[in-house]
Amino acid sequence: MPISISNEEILETINMIESENLDIRTITMGISLRDCAHSDIDVVCDRIYKKITTYAKDLVKIGEEVANDYGIPIINKRISVTPIAIVADACEAPDYVKIAKTLDKAAREVGVNFIGGFSALVQKGMTKGDEKLIRSIPQALAETEFVCASVNVGSSRAGINMDAVRLMGEVVKESAELTADTDGLGSAKLVVFCNAVEDNPFMAGAFHGVGEPEVVLNVGVSGPGVVLNAVRKIPNAPFDELATTIKHTAFKVTRSGELVGREAARRLGVPFGIVDLSLAPTPAVGDSVADILEAMGLERVGTHGTTAALAMLNDAVKKGGAMASSHVGGLSGAFIPVSEDAGMIRAVEEDALHLDKLEAMTCVCSVGLDMIAIPGDTSAETIAAIIADEAAIGMINKKTTAVRVIPVPGKKVGDTVVFGGLLGYAPIMDVNKYSSDLFVKRGGRIPAPIHSLNN
Amino acid sequence: MENNTNKVVVTVVGKDKKGIIAAVSTALTEYDVNILDISQTILQDFFTMIMIVDMNEANVSFTELREQLGLLGQKHGVVISCQHEEIFQYMHRI
């Protein structure tokens, strides 16, 4: 019996893949390392290496097979693991760099392009292991290629750990300084979260949360190009119609992710976790979230109206995607990284977009200040204050927020930094010249907000 | 093949259609791939052919078929792609 799909629908799908950059951005295997704990760090490393290279040995091969069968590219195959601060808490070693190197070696062995989970969750306070991990981050990122680190410093339930925020200001800066030869690439692999999610498949913030199973496969779909073309087709439509069009498009994009994820999980023999239906831009032309906002009628992203446009886009993407998958999770929404989005880069270069507007946009987007290059002489306290602002937005609005800024050593406003590949390039953005030192140095915790009286 | 269904959608997109239907059909016959449905249209000056084929009795793997048809397309100056029909079902039907 012939299938009941019309030619128009077949051509629409093919067009999405061929000319609108529809792809599965990542399939990420989450692996629990909780059973790898031991007081001897060498034993821990040994167990971690064996476990990852066993579970993930076919991840890349099967990812490629599934991509071939459906004709839809899977760009990245990745691994997320239990936050290493938990796994290593029993270790007597003074630092955990050795574990980062083991993760790196395992990632290289199985052929994935990133491994996330050199992480600690310290929203309320730090254990000795948490602090050792955080202090190990700069060296760990400098001496590895594939490892990504993240630290959760706040939550709507716990408040913001300002001691951790202050420490992370120093860690971000040191991570950039130790990788000065690659323009601070270390801090491009480090995310500071508030309300971090446990099943995020996207890097650099992926880790395998403590509520997750032994092993799981999560999928991150993308498709800014597909949404962009759909929006461009109706230049004068009112917002109701625009929202509906974006929902329909997000639905189709997410369906492809659901299919590919389920099939890959089946062939790997691991449970399927969630589809993260984020619009994740790439530096490729036409694969830009900024372009979608501009297609809605803004001359340049960053001008007045940008926050409203992004809020509407983010919500419509979630609504369409939620219908398409039985389990939606992760970050799910629109990402607004600067260096990875050609439209955002242009807006910064043309002086339309500044850090303050980006901060406002993070109130309604899915994550936060992402891939933003700032002057190398920005103080650790200023970076900590930027983190505190973002964490406050997340804490009050009960959403995930994050900071991934790169204080590029030796560069100042007006310079440009090139990270290459999916990380793209970025003009250095200005930060406020006034000091936040005394504020940051207070330490302690900002109390959790009241969860009623919501006005 | 582990999939329940072995239906594949073959699409051919190109400027010139001379000889292309014959070439693709001949290749598919050689591989024992059964053509279930065939349709063609002109889309923005581009000749577009969509074939639904059944690979149950095929003597090549899906990957091989994909590669061979890709090469055939290059020879004729058209783009030939092969995809399992599931992707279309999934994307357009609930």
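Colleague: In which sense do β1(A) and strand β2 of chain A pair?

Modeller: This is a predicted model, and in it β1(A) is joined to strand β2 (residues 74-81) of chain A over 7 bridges. Within β2(A), I74(A) is the bridge partner of I24(A). The sense of the pairing between β1(A) and β2(A) is parallel.

Colleague: With which strand of chain A does β1(A) pair in the antiparallel sense?

Modeller: There are 7 bridges in this antiparallel pairing of β1(A), and I31(A) stands opposite V215(A). The strand in question, covering residues 215-221 of chain A, is β7(A).

Colleague: How many of the residues of β1(A) are buried?

Modeller: One residue shows how the count works: I24(A), found in strand β1 (residues 24-31) of chain A, has 28 C-beta neighbours inside 10 Å and therefore counts as buried, the cut-off being 20 or more. Leaving out residues up to four places away in sequence, I24(A) touches I72(A), P73(A), I74(A), I75(A), V219(A), V221(A), G257(A) and V260(A). For β1(A), which is mostly covered, the number of buried residues is 8 of 8.

Colleague: Is A164(A) buried or exposed?

Modeller: A164(A) lies in helix α7, residues 162-178 of chain A, and, setting aside neighbours within four places in sequence, is in contact with V122(A), M126(A), V151(A) and V153(A). Because 30 C-beta neighbours fall inside 10 Å, A164(A) counts as buried.

Colleague: Against which elements of chain A do the buried residues of α13(A) pack?

Modeller: Helix α13 (residues 342-349) of chain A is mostly covered, with 6 of its 8 residues buried. Those buried residues are A342(A), G343(A), M344(A), I345(A), A347(A) and V348(A). Just after α13(A), D351(A) takes a positive phi of about 65 degrees. The elements against which the buried residues of the helix pack are α11 (289-295) and β12 (425-427) of chain A.

Colleague: Turning to the other chain, in what order do the elements of chain B run from the N terminus on?

Modeller: The secondary structure of chain B comes to 3 helices and 4 strands. Read from the N terminus on, these elements run β-α-β-β-α-β-α.

Colleague: Which strands are the edge strands of the sheet in chain B?

Modeller: The sheet is an open one of 4 strands, in the order β2-β3-β1-β4 (chain B) and with antiparallel pairing. The strands that pair on one side only, and are thus at the edges, are β2 (34-43) and β4 (78-84) of chain B.

Colleague: How many bridges join β2(B) to strand β3 of chain B?

Modeller: The two strands run antiparallel, with β3 covering residues 46-54 of chain B. In β3(B), F46(B) is the bridge partner of L43(B). The number of bridges that join β2(B) to β3(B) is 9.

Colleague: At about what angle to β1(B) does helix α1 of chain B run?

Modeller: Helix α1 (residues 20-30) of chain B lies across β1 (7-14), β2, β3 and β4 of chain B. Relative to β1(B), the helix runs at about 155 degrees.

Colleague: Which element gives the most to the side of chain A that touches chain B?

Modeller: The contact takes 18 residues from chain A and 26 residues from chain B. On the side of chain A, the elements giving two or more residues are α1 (7-19), α3 (59-70) and α10 (239-268) of chain A. With 6 residues, the element that gives the most is α1(A).

Colleague: What ipTM and pTM does the model score, and what is the mean pLDDT of chain B?

Modeller: Where pLDDT is low, the predicted coordinates should not be read in detail. In chain B, 95% of the residues reach 70 or more, and the mean pLDDT is 85. For the model, the scores are ipTM 0.79 and pTM 0.90.

Conventions:
Residues are numbered from 1 along each chain as its sequence is written. Chains are lettered from A and ligands numbered from 1 in the order in which they are written. This is a predicted model: local features need pLDDT of at least 70, side-chain atom pairs count only at pLDDT 80 or more; totals for chains, interfaces and linings use all residues. A residue is buried if 20 or more other C-beta atoms lie within 10 Å of its own, exposed if 12 or fewer, and partly exposed in between; C-beta atoms are placed from the backbone. Two residues are in contact if their C-beta atoms, placed from the backbone, lie within 7 Å. pLDDT is the predictor's confidence in each residue, from 0 to 100. Two strands pair if DSSP finds at least two bridges between them. Axes are lines fitted to C-alpha atoms, for helices over the stretch in contact, and angles run from 0 to 180 degrees between N-to-C directions.
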